[in-house]
Amino acid sequence: MTVYGFLSWYVFIYPFYISVVWVVLGLYYWWRRERDPDKERSNWPDHWPPVTILVPCYNESASIAATCTSLMILSYPNYKVVFINDASTDDTAAIIEGMMRHNKNFHLINLEENGGKARALNYGLDTVTSSITVVIDADTLLTPSALKYLVAPFCTQPRLGAVTGNPFALKRNNLLEKIQTAEFSSIISLIKRAQRVVGRVFTVSGCAAAYRTEVLKEVGGFSPYTATEDIDITWRMQRHFYEVWFMPQAIAFIQCPATVKEYWKQRKRWALGGWHLLRTHKGIFKDLRYRYLYPAYLETVLSFFWSFVFVLGSVFWVTTYLFELAPMGVSPIPAWLGALISIACIVQMATSIFINRRYDPTLYRSFFWVPVYIFFFFVVGALTIVWTAPKGIFGKLEHAGKWESPERRTLGA
């Protein structure tokens with residue numbers, strides 16, 4: 001087999017193989033831990049520990065009122081909310097202050113200079129005295145019982161460092177939102193289930209995650225030297241030998257990008273965070289105690305390699321074809337292997353609908369968009385990885401976490 005032949009097989013076999021792994025391990029997780037809802041609350045404590053919820057904010061006036069409302073109706077007995085306003089230039093602070101008049105457990109920290117999400121979170125962390133810290137995005141709507149599901153595992157697992165929630169798309173109006181609805185259920189939640197079976201979660205969901213406060217402070221808080229502080233904190237906790245769990249019952253509804261521009265910006269940030277992970281945590285191979293992290297790191301390397309093979313190979317193939325030469329490289333035309341991948345993705349989506357049906361009974365409506373979602377997830381994901389490679393590999397890490405909130409829309413609209 002030629003090199004081109006091998007790479008062509010890799011482009012189509014790798015996503016098929018990884019999809020099969022996600023489905024099998026995701027079903028195994030469901031069978032062992034979710035199949036019987038009656039057992040889920042059997043280990044809930046008689047007395048719930050105090051919780052501090054940190055909400056970093058930067059120009060969130062369109063969504064912050066809805067977020068505040070959702071935080072007012074949590075079915076948790078002892079919690080307070082700390083909003084960290086990272087020098088917003090809109091009415092974010094005024095809206096929060098208005099909510100504070102009617103909610104004594106709401107607090108606000110106003111920062112004079114915008115320094116990024118990680119820096120804002122660290123300011124908030126300095127004020128935390130509770131044993132559990134929960135972090136949510138300013139456009140995240142927790143379901144009333146979500147906080148209990150996030151906190152309960154800490155009461156029985158002393159080596160637990162973090163618990164991540166289960167994000168669902170809130171709005172599903174246009175094509176892009178429908179595609180992301182399919183993605184969050186059939187990719188993100190299924191991957192986290194599979195990773196828990198293996199033993200290590202690649203990343204908590206930054207939109208909704210709980211942390212043991214003393215562990216957060218032990219590892220140095222959130223790093224401003226990465227584009228994705230949620231990935232970095234997950235790895236630093238696991239490098240300190242703390243576990244990270246996924247709780248699918250902790251539902252968080254989030255606002256997905258509604259425009260191609262915002263979607264591209266978000267995925268570039270995610271890709272850049274992957275590059276930063278490879279740079280900042282490559283030291284795990286110097287110590288065999290971190291061998292349990294090797295599979296997650298190597299899987300990232302393989303997926304990034306796949307992206308380069310797919311993008312550059314496709315460009316080379318199209319170029320030779322247009323010049324009427326014998327096509328060389330990786331053919332972007334799926335043929336029968338592409339059909340095989342499509343079938344695997346359909347099975348994957350059907351599995352996720354089955355597993356998540358009690359959390360979101362309307363998820364089946366996203367099934368129609370699976371073929372389009374395949375294009376977006378693999379093609380756009382590959383393009384962003386290649387696009388961000390120079391900055392991700394050679395760029396300075398200082399101020400990498402400086403943020404710009406995506407375009408928000410009124411959540412109640």
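Student: What share of the residues is buried in the protein?
Tutor: Buried residues make up 57% of the 413. Buried means under 20% relative accessible area, with a 1.4 Å probe and protein chains only. This is a predicted model: local features need pLDDT of at least 70, side-chain atom pairs count only at pLDDT 80 or more, and totals for chains, interfaces and linings use all residues. Residues are numbered from 1 along each chain as its sequence is written, and side-chain values use heavy atoms, leaving out hydrogens and water.

Student: Which residues have the most contacts inside the largest nonpolar core?
Tutor: They are Val51, Ile53, Val55, Leu71, Phe83, Val134 and Leu147, in a core of 82 residues. A nonpolar core is a set of buried Ala, Val, Leu, Ile, Met, Phe, Trp, Tyr and Cys residues joined through side-chain atoms within 4.5 Å.

Student: And what does Val55 touch?
Tutor: Not counting residues up to four places away in sequence, its partners include Leu71, Phe83, Ile136 and Asp137. Contact means heavy atoms within 4.5 Å.

Student: Which residues does the second core include?
Tutor: Leu54, Ala120, Val201 and Val215 are among its 24 residues. That core is separate.

Student: New topic. How many helices and strands?
Tutor: There are 13 helices and eight strands. Both are DSSP runs: helices are H or I with at least four residues, strands are E with at least two.

Student: What does the C-alpha trace span?
Tutor: About 70 × 50 × 50 Å along the principal axes.

Conventions. Buried < 20%, exposed > 50% of the residue type's maximum accessible area, 1.4 Å probe, protein only.
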